[in-house]
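I opened the model to look up a few local features. My entries follow.

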Amino acid sequence: MKKIAIFASGSGSNFQSISDSIKDGSLQAEIVLLVCDQPSAYVIERAKKENIPTFVFSAKAYDSKVAFEKEILNQLQQREAEFIILAGYMRLIGETLLAAYSHKIVNIHPSLLPAFPGKDAIGQAFNAGVKMTGVTVHYVDEGMDTGPIIDQRAVEVKEDDTRESLQKRIQETEHILYPDVLKRIFS
């Protein structure tokens, strides 16, 4: 059973889908830590309900990215985390964590990479008028959404879609794809 740390910055819907997959026995993993850089994020409440330890920090409280990543690394090592799973974590991972967890950091992104990397990928796709977008799960490297792709799922952009309806379908796809990919990685 893999020991994983989930990094998140927002509501935590992917955190919840992974946690639910563990509870129903379909994903053989244990969430040993939630790392969150937003002290008011709802994902913290989700972790508390699941009795999952949290490390919540404000980047401004540290002198540098290296400083807060060293503290995160200490937290990960204390809990023997084997993988880092990014689930809506809105920071680029720096060299400190990349070196310690080479090829063991996984991210989910709401587009068919390499299209629409970075922030607001759903808005980028919607505004570009594409007919197809989707979800990508990839390993993390030093770039922004540039690491090796593990799997992708397409999501059609419908004629009557709003940004919100498209986002809802993309999130539904994420909640199925991410636990499925993690099952394959951990087996």
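I call a residue buried under 20% relative accessible area, exposed over 50% and partly exposed in between (1.4 Å probe, protein chains only). The model is predicted: local features need pLDDT of at least 70, side-chain atom pairs count only at pLDDT 80 or more, and totals for chains, interfaces and linings use all residues. Residues are numbered from 1 along each chain as its sequence is written, and side-chain values use heavy atoms, with hydrogens and water left out.

Entry on phi. I found Asp-145 with a positive phi near 60 degrees, though this residue is not a glycine. Asp-145 lies in the loop between strand S6 (132-139) and strand S7 (149-156); strands are DSSP runs of E, at least two residues, and helices runs of H or I, at least four, numbered from the N terminus. Asp-145 is buried, because its relative accessibility is 15%. Asn-51, also not a glycine, has a positive phi of about 55 degrees. I placed Asn-51 in the loop between helix H2 (43-49) and strand S3 (54-56), and with a relative accessible area of 70% it is exposed. Most residues other than glycine have a negative phi, and most peptide bonds are trans.

Entry on the peptide bond. I noted a cis bond from Leu-113 to Pro-114, with omega near 15 degrees. Pro-114 sits in the loop between S5 and helix H5 (121-128).

His-109 is in strand S5 (residues 105-109) and is buried at 4% relative accessibility. Leaving out residues up to four places away in sequence, I see His-109 in contact (heavy atoms within 4.5 Å) with residues including Asp-145, His-138 and Glu-174.
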